[in-house]
Amino acid sequence: RGRAQVSFTSRNFSSMLEQQANRTMELSEWEQRWQENRTGFHQLEVHKMLQNNYDKVVNGRSGVRFFFPLCGKAVDMKWLADLGHSVVGVEISEMAIRQFFQENNLTYSEESVPSIPGAKLFQKSISLYQCDLFSFSSSVAGQFGAIWDRGSLVAINPKDRDRYAALILSLMAADCRYLLDTFLYNPDLYEGPPFFVPDEQVLSLFGE
């Protein structure tokens, strides 16, 4: 995993986690950020962490099914698709999804998702589901050989992390590799998102 390098006080991680325990972001707030173009989290280039760990994630496999939770319009998705992999993402913002296809000059079809009321599926060579992440499941799109969590665990509300980990684990095929990017910082100085996620909590969520 990758993380920012910072200095900490002598407080333990559990007390630091308490600083953000009740911090919440509504789905409508994320949609509003896209509407107002407040998307500083979006990167114009393929994430260096993905590039640096690509061989480890793919592990000699071809045509890997990649899952992108809270995908936004990440350029990483087209980069992987161009390398021959299958890409599925979930995003609450319809604007972000449409911008992804338009900015990458990709045609797409649009259809409803019978198993998720109100959800839409935008797809061509890449499949993006517009819905609440917690409405998504393996019964909708199967399991995956790789998951690139480049800003999802750190974006969901801290109180939902156990639920989130359970969902991610349920989406993992037997040979799945999970690439995770988190942030370490002093939560006294910043309320998030992105939220503070120490290694200790990652281990408690995902075990070995």
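**Rings, sheet and helices**

Student: How many aromatic pairs does a search of the whole structure find?

Tutor: This is a predicted model, in which local features need pLDDT of at least 70, side-chain atom pairs count only at pLDDT 80 or more, and totals for chains, interfaces and linings use all residues. Residues are numbered from 1 along each chain as its sequence is written, and side-chain values use heavy atoms, without hydrogens and water. Rings of Phe, Tyr and Trp (its six-membered ring) pair if their centres lie within 6.5 Å. By that rule, the search gives 8 aromatic pairs.

Student: Are the rings of Tyr108 and Phe122 stacked, edge-to-face or tilted?

Tutor: Their centres are 5.8 Å apart. Planes under 30 degrees apart count as stacked, over 60 as edge-to-face and the rest as tilted. The planes of Tyr108 and Phe122 stand at 55°, so the pair is tilted.

Student: Which parts does this pair tie together, and how many residues apart are they in sequence?

Tutor: Helices (H or I, at least four residues) and strands (E, at least two) are DSSP runs, numbered from the N terminus. Tyr108 sits in the loop between α5 (94-103) and β3, while Phe122 belongs to strand β4. The pair therefore links that loop to β4, parts whose separation in sequence is 14 residues.

Student: Is Phe122 buried or exposed?

Tutor: Buried means under 20% relative accessible area, exposed over 50%, partly exposed in between (1.4 Å probe, protein chains only). Phe122 has 0% relative accessibility, so the label is buried.

Student: Which strands stand at the edges of the sheet?

Tutor: Two strands pair if DSSP finds at least two bridges between them. Here 7 strands form an open sheet with mixed pairing, in the order β3-β4-β5-β2-β1-β6-β7. Each edge strand has a single partner, so one side of it is left without a neighbour in the sheet; these strands are β3 (109-112) and β7 (172-180).

Student: In which direction do β3 and β4 run?

Tutor: Strand β4 covers residues 120-123 and is joined to β3 by 4 bridges. Ser112 stands opposite Lys120 in β4. The two strands run antiparallel.

Student: Within what arc do the buried residues of helix α7 fall?

Tutor: In α7 (residues 161-170), the buried residues are Arg161, Tyr164, Ala165, Leu167 and Ile168. They line one face of the helix, because the arc (of directions from the helix axis to the C-beta atoms), seen down the axis of α7, is within 160°.
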